[in-house]
Amino acid sequence: MKAVYQTKYGKSDVLQFGDQPTPELKPHQVRVANHATSVNPRDWMIRGGRYQLQFLVPSFPLVLGSDLAGEVIEVGKSVHNFKVGDRVFGMKNPTEGLATYAEQVAVSESNIAHIPEGLSFLDAASVPLCGLTAWQALVDKAHVQTGNKVLIIGASGGVGSFAVQIAKALGAEVTAVCSGDNTKLAEALGASKTIDYQQQDVLMGSDTYDVVFDTIGRHSFAKCDKVLNAGGRYVSTIPSPKNLKAMVLTQLKVKLLRSTKTCSVVMVKSNGKDLTQLAELLASNSLSSHSLTANQSDAKPMDNNLANDRTIRPLIDSVFPLNEAAKAHDLSRSLRAKGKIILKIR
Ligand SMILES: NC(=O)c1ccc[n+]([C@@H]2O[C@H](COP(=O)([O-])OP(=O)(O)OC[C@H]3O[C@@H](n4cnc5c(N)ncnc54)[C@H](OP(=O)(O)O)[C@@H]3O)[C@@H](O)[C@H]2O)c1
């Protein structure tokens, strides 16, 4: 099969496009003819040899990639919930071998879900890693409830664009932090307020929040403490020593000192059940063909009905053919993408 692989760590020019062996199928896995994958910051961190959990990464030749979207072409002996011909999407962990920048992927049935009707493979590939990160942060860690005031930092990125929509779908009132170029886009995603971090100190306003989700690791718990309401939950995607220390300390303070504010770090886990719940929101209005695209960032918020419904739509920045993965990595590395960067495989 064709795949993108590397035989050493380095810049994007270490990525090669060529033949690699098809993956072996284990009894609990399905084989997917992969139509699309997406680029995540972890991909270029792993590529460069500086992923935080590098010891979990498979050996060379290394095929990167976490997200997959395609059609089941073979099922292992102990697979129960999927059959040949099913359209599925999912996420592979480093411990499962990654390897979704490839025409075929072997993935455990517990890590995939059916793609909702009407959602394209390209849109579906944008969802798993970032959608699950946002879901697990807001549902499992922050326990967002209807009426909560939620601040999403990094609102126009891969995780942030899902987070704004998921928080909104959960009934929260969302304030989005992004650059001035992206405020209209954040409103179209469902934010009722925006903060342009280039013009305003995010934490200096008079507003306070029940939840702060920092998707890009710009503001620590210590800094956000002052804008958190009593019982407030801060969640970060970055397992920095500062965040991990604050996580332990706030848990202790909640137990011993009746403190109410908590800090947590989300470490996304591949999970077909969570993805199925997300898929219900993706499917609910069958409007996937109206996926927002980056060039709609000029749209006035009132022109876009997304802010008024509970449907989650992928925000796609751009689509590259698989053999141009290096260009896609360079774009992701720029931290300027609006939403997700997709690699089209077939
Ligand atoms: N722990 C986990 O399990 C987990 C899971 C997923 C991701 N992550 C990590 O989370 C981070 C975000 O991932 P992602 O996929 O969302 O990344 P991404 O899509 O590349 O994020 C790009 C966004 O970052 C925003 N940004 C750049 N500089 C900013 C700043 N100074 N202040 C506010 N926003 C800024 C940009 O928006 P503007 O142009 O509007 O500034 C852009 O939209 C990465 O570090 C990733 O490794 C961790």
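Student: How far apart do the C-alpha centres of domain 1 and domain 2 lie?
Tutor: In this predicted model, the C-alpha centres of domain 1 and domain 2 are 28 Å apart. Domain 1 covers 2-127 + 314-344, and domain 2 covers 130-265.

Student: How many residues does the contact take from domain 1 and from domain 2?
Tutor: Domain 1 contributes eight residues to the contact and domain 2 contributes nine residues. Contact here requires C-beta atoms within 7 Å. On the side of domain 1 that touches domain 2, three residues are nonpolar, three polar and two charged.

Student: Why is the ligand said to lie between domain 1 and domain 2?
Tutor: Both domain 1 (2-127 + 314-344) and domain 2 (130-265) give residues to the shell around the ligand, so the ligand lies between them. The ligand is surrounded by 31 residues, of which the closest are Gly157, Gly158, Cys178, Ser179 and Val268. Helix 1 (41-47), helix 3 (128-141), helix 4 (158-169) and strand 9 (173-178) are the elements that give two or more residues to this shell.

Student: What is the division of the shell around the ligand into nonpolar, polar and charged residues?
Tutor: The shell holds 14 nonpolar, 13 polar and four charged residues.

Student: What makes helix 3 mostly covered?
Tutor: The cut-off for a buried residue is 20 or more other C-beta atoms within 10 Å. Eleven of the 14 residues of helix 3 are buried, and the helix is mostly covered. Among the buried residues are Leu132, Trp135, Leu138 and Lys141. Just after helix 3, His143 has a positive phi of about 50 degrees.

Student: Which residues have the most contacts inside the largest nonpolar core?
Tutor: They are Leu138, Ile152, Ala163, Ala167 and Phe213, in a core of 99 residues. Helix 3 gives the most to this core, namely seven residues. Domain 1 (2-127 + 314-344) and domain 2 (130-265) both give residues to the core, so the core lies between them.

Student: Which residues does Phe213 touch, not counting those up to four places away in sequence?
Tutor: Phe213 touches Ala137, Leu138, Ala142, Val150, Ile152, Ile153, Ala163 and Val235.

Student: Why is strand 8 called largely enclosed?
Tutor: Five of the five residues of strand 8 (residues 149-153) are buried, so the strand is largely enclosed by the rest of the structure. Lys149, Leu151 and Ile153 point one way, whereas Val150 and Ile152 point the other way, and all are buried.

Student: In what sense do strand 3 and strand 4 run, and how many bridges join them?
Tutor: Strand 3 (residues 29-39) and strand 4 run antiparallel and are joined by six bridges. Asn34 stands opposite Gly70 in strand 4. Strand 4 also pairs with strand 5 in the antiparallel sense, over five bridges. The bridge partner of Ala69 is Phe89 in strand 5.

Student: What makes Gly118 partly exposed?
Tutor: Gly118 has 13 other C-beta atoms within 10 Å, so it is partly exposed. Gly118 is located in the loop between strand 7 (112-114) and helix 2 (121-125).

Student: Which residues does a cis peptide bond join?
Tutor: The bond joins Phe60 and Pro61, with omega about -5 degrees. Pro61 is in the loop between helix 1 and strand 4 (67-75).

Conventions:
Residues are numbered from 1 along each chain as its sequence is written. This is a predicted model: local features need pLDDT of at least 70, side-chain atom pairs count only at pLDDT 80 or more; totals for chains, interfaces and linings use all residues. A residue is near a molecule or strand if its C-beta atom, placed from the backbone, lies within 6 Å of it. Helices (H or I, at least four residues) and strands (E, at least two) are DSSP runs, numbered from the N terminus. Ala, Val, Leu, Ile, Met, Phe, Trp, Tyr, Cys and Pro count as nonpolar, Asp, Glu, Lys and Arg as charged, and the others, Gly among them, as polar. Domain bounds come from an automatic or database domain assignment. A residue is buried if 20 or more other C-beta atoms lie within 10 Å of its own, exposed if 12 or fewer, and partly exposed in between; C-beta atoms are placed from the backbone. Two residues are in contact if their C-beta atoms, placed from the backbone, lie within 7 Å. A nonpolar core is a set of buried Ala, Val, Leu, Ile, Met, Phe, Trp, Tyr and Cys residues joined through C-beta atoms within 7 Å. Two strands pair if DSSP finds at least two bridges between them.
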